[in-house]
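Q: I have a structure to go through with you. Can we take it piece by piece?

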2 protein chains.
Amino acid sequence: MDRAGALALDAAGPFRSRRDRFLLPDGLVYLDGNSLGALPRGVDERLHAAITQEWGHGLIGSWNDAGWMDLPRRVAGRVGRLVGADAGSVHVGDSTSVLLFKLLVASFGLRPGRRVMVLEPTTFPTDGYVAAGVAELLDVELRWCDPADPAASLDEDVAVLALTHVDFRSGALYDMAALTRAAHEAGALVCWDLCHSTGAMPVDLTAVDADLAVGCGYKYLNGGPGAPAFGYVAPRHHAALRQPITGWMGHAQPFAMTLDYEPAPGAARLASGTPSVLAQTALDAALEVFDDVDLAELRAHSESLTGLFIDLVDARLGDRVGVVTPREPRLRGSQVSLRHDDAYGIVQALIARGVVGDFRTPDVARFGFAPLYVTHADVFDAVQALVEVLDGEEHLRPEYAVRNAVT
Amino acid sequence: MDRAGALALDAAGPFRSRRDRFLLPDGLVYLDGNSLGALPRGVDERLHAAITQEWGHGLIGSWNDAGWMDLPRRVAGRVGRLVGADAGSVHVGDSTSVLLFKLLVASFGLRPGRRVMVLEPTTFPTDGYVAAGVAELLDVELRWCDPADPAASLDEDVAVLALTHVDFRSGALYDMAALTRAAHEAGALVCWDLCHSTGAMPVDLTAVDADLAVGCGYKYLNGGPGAPAFGYVAPRHHAALRQPITGWMGHAQPFAMTLDYEPAPGAARLASGTPSVLAQTALDAALEVFDDVDLAELRAHSESLTGLFIDLVDARLGDRVGVVTPREPRLRGSQVSLRHDDAYGIVQALIARGVVGDFRTPDVARFGFAPLYVTHADVFDAVQALVEVLDGEEHLRPEYAVRNAVT
């Protein structure tokens, strides 16, 4: 495979890259869309209009006239299409951490008498921290499972099995349907963290019969830094679910201003305070890029990108790096992680060459292939740069000996 | 007092209106800044740069290079100046509801053995809803006090007295120092909701020895619809305070990605998930308007505006409307509320004339005088319009018989 071959794949594949719908710097190979999605065209204009027209001119009246009251619901509809859910089962707002807190606490209300949450210890740290906080608050047990076999930790005490669909570090992909089934067989709920899958592959919460889910707005959904998160509640739990942060925006009638709290129907009851209209607007505009995307084709493109990256790394670097991510396409998300003692230096040297991945402690170089805008040519260029970095020992430069907080 | 007199007050007063620093529509009398603050000049440009340069061009590197990691702390410093607190005691993020939840739960950890929260029943509804949720979650008591004498409900079971500094409906202002003292004498904490005071008057949490506080970014701080909220933790509670939503951004070292949660120092531990950079940037830019504002002068201007409004209503409308707000300046915030059976129609008819106040169920017409940009001429014009509405019976138009959700 040479660069011309990569270009030919881009031209022939079922899914054409939409890089021209993003404002990516010329020549940049951006493989960190799993950490912060690129800027879709149109977001800047929408925000400008929201600020100057809706806020500046329409002022308070824009809650009705510009549809701000319904904005989270509209965004929920767009997200719902990507995760196999109707708008009434999705809430958009808060952060992933806050929504996960709400759903984990709610899980114990939906499964009274059960006192255990099961998570796996390689989950994204915030999931574990939040679960530990819930365990302390509710005096319940946080049980760590074997990442290779979460179902083995299920029993009649488990209220909820909370797993990340795609592991943030390794890129390994869980079988949602099988693990959801296993949880249900034990009488437990399942709560899926979709941060590293939504927007990069088809997800169908309805088809797998999931109970609860959370996900991120700023990775593959491209909603901007710190974009609102989303939460999912299966219709069968709508009526019974009680989340603990009972703010007015989750009330059935916020402006009735009654003394008693009455939860809104559906997933809208996950809301608490007033949502950021600017952040919701950015996410709404960003999601337009998905309007006519076939998610199966998007996934095929993603598998082709990650497969080509692994093949080229194998062919050109052999055992100079370790491939952490599963080689079987159905077992991985849309990223490939490489292990190397000098992973930090490798990532920094690649960034200096215009190939942006990221480092995850202690020894992982992570490359995300956001299939909306990453091309096979990007993959080829990234591996070429990686070969040159290692050949030239660029990763051993002394300035990379000290690690920054964020990479 | 005629219009020329009002203009003379504007010209002579110690605080000149900064209306020219806001992008308010020409001719609009905007008296709803206590619900949604006006758009400060410069916000649109800052957001454009944040979107296109920081996000679009800088991408993931902007967490370091554009200072996104420190952004909430910088905004906290700006807010801190308005409430008498250092940056390390203020956290900016989430919504008021979520932060109030965190602080109320934390209160019980700071006062172990005590099982009661005291709120007053005319508080903004979300405060009551959130407190009721906390009561259910922790199996503690929510005790409603007499709004005229909150201290009478304090005893040795009370962990926290949670009051709104300025009542959203009546505009009545509590004596923070006296009530904080009363709470402390009972061994309780105090948690002040500053939504309707911060940015309209001096607040000094340090001087009154407050324990905890929350406040709103989108009213008098002009941070835009649904702007991030802020929370305050007195330095003496920094080390002991534990809030329940232990997400990674409240961790001492988010990117160490250790399994165990270790809270960040100071109020930064109130953080949970990744903050919206766009929303934080808008609030940061908006707060620049306060850079050289003397808060005592701002308060004097506010008292002059509300006083003139009450005087003109008394003189020109007599008992055709009821003034709900205390007439004694030191007992009110920066709004004046009028009671009338047709308050909804009055507000709508005024809006049709370009005078924007708002309606609060069941019978209150509320007029906020954001002292940064409201003038004495606005006050005169508002009362003139009110007289004409009532004289012309414009408030009785049939289309105002049905009330909208948001007004």
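Q: Let's start with B:Arg18. Is B:Arg18 buried or exposed?
A: Buried. This is a predicted model, and in it B:Arg18 has a relative accessible area of 10%. The cut-off for buried is under 20%.

Q: Which side chain does B:Arg18 meet in a salt bridge?
A: The side chain of B:Asp292, at 2.8 Å from N to O. B:Asp292 sits in the loop between helix H9 (277-287) and helix H10 (295-317) of chain B. B:Arg18 sits in the loop between helix H1 (3-12) and strand S1 (29-30) of chain B. The pair therefore ties together parts that are 274 residues apart in sequence.

Q: And B:Asp292, buried or exposed?
A: Exposed, at 52% relative accessibility.

Q: Give me one from chain A. What does A:Arg236 pair with?
A: With A:Asp209, in a salt bridge of 3.0 Å from N to O.

Q: How accessible are they?
A: A:Arg236 is partly exposed, with a relative accessible area of 44%. A:Asp209 also counts as partly exposed, at 35%.

Q: Back to chain B. Where do B:Arg353 and B:Glu394 lie?
A: B:Arg353 is in the loop between helix H11 (343-352) and strand S11 (355-356) of chain B. B:Glu394 is in the segment after helix H12 (376-391) of chain B. Their side chains meet in a salt bridge, 2.8 Å from N to O. So the pair ties together parts that are 41 residues apart in sequence. B:Arg353 is partly exposed at 36%, while B:Glu394 counts as buried at 12%.

Q: Which residues are linked in a network of salt bridges?
A: A:Arg46, A:Arg78, A:Asp284, A:Glu288 and A:Asp291.

Q: New topic, the interface. How many salt bridges does the rule find across the interface of chain A and chain B?
A: It finds 0.

Q: What do chain A and chain B bury between them, then?
A: About 6500 Å², with 73% of it on carbon and sulfur atoms. A:Trp55, A:Ile60 and A:Tyr129 supply 13% of the area that chain A buries against chain B. That is more than any other three residues.

Q: How many residues does the contact take from each chain?
A: 80 from chain A and 79 from chain B. Of the interface residues of chain A, 99% are also interface residues in chain B, so the copies meet through the same surface.

Q: On to strands. How many residues of strand S5 of chain A are buried?
A: 7 of the 7, residues 158-164. So S5(A) is largely enclosed by the rest of the structure.

Q: Which strands pair with it?
A: Strand S3 (residues 116-119) of chain A pairs with S5(A) in the parallel sense over 3 bridges. A:Met117 stands opposite A:Val160 in that pairing. Strand S6 (residues 189-193) of chain A also pairs with S5(A) in the parallel sense, over 5 bridges. There, A:Thr164 has A:Asp193 as its bridge partner.

Q: How does the chain cross from S5(A) to S6(A)?
A: Through helix H7 (residues 176-185) of chain A. This β-α-β crossover is right-handed.

Q: What about the open sheet in chain B, what is its order?
A: S9-S10-S13-S12, 4 strands with antiparallel pairing. The edge strands are S9 (322-323) and S12 (358-360) of chain B, and each pairs on one side only. S9(B) pairs with S10 (residues 335-339) of chain B over 2 bridges. B:Val323 has B:Leu338 as its bridge partner in S10(B).

Q: Last one. Where is B:Val75?
A: In helix H4 (residues 71-83) of chain B. B:Val75 is buried, with a relative accessible area of 0%. Beyond its neighbours within four places in sequence, B:Val75 is in contact with B:Val92, B:Gln280, B:Leu283, B:Asp284 and B:Leu287.

Conventions. Residues numbered from 1 in each chain as written. Chains lettered and ligands numbered in written order. Predicted model: local features only at pLDDT ≥ 70, side-chain atom pairs only at ≥ 80, totals over all residues. Heavy atoms only, no water. Buried < 20%, exposed > 50% of the residue type's maximum accessible area, 1.4 Å probe, protein only. Pairing = 2+ DSSP bridges. Right-handed = clockwise from strand over helix to strand, strands pointing away. Contact = heavy atoms within 4.5 Å. Buried area = accessible area lost by both parts, 1.4 Å probe. Salt bridge = Lys/Arg side-chain N within 4 Å of Asp/Glu carboxyl O.
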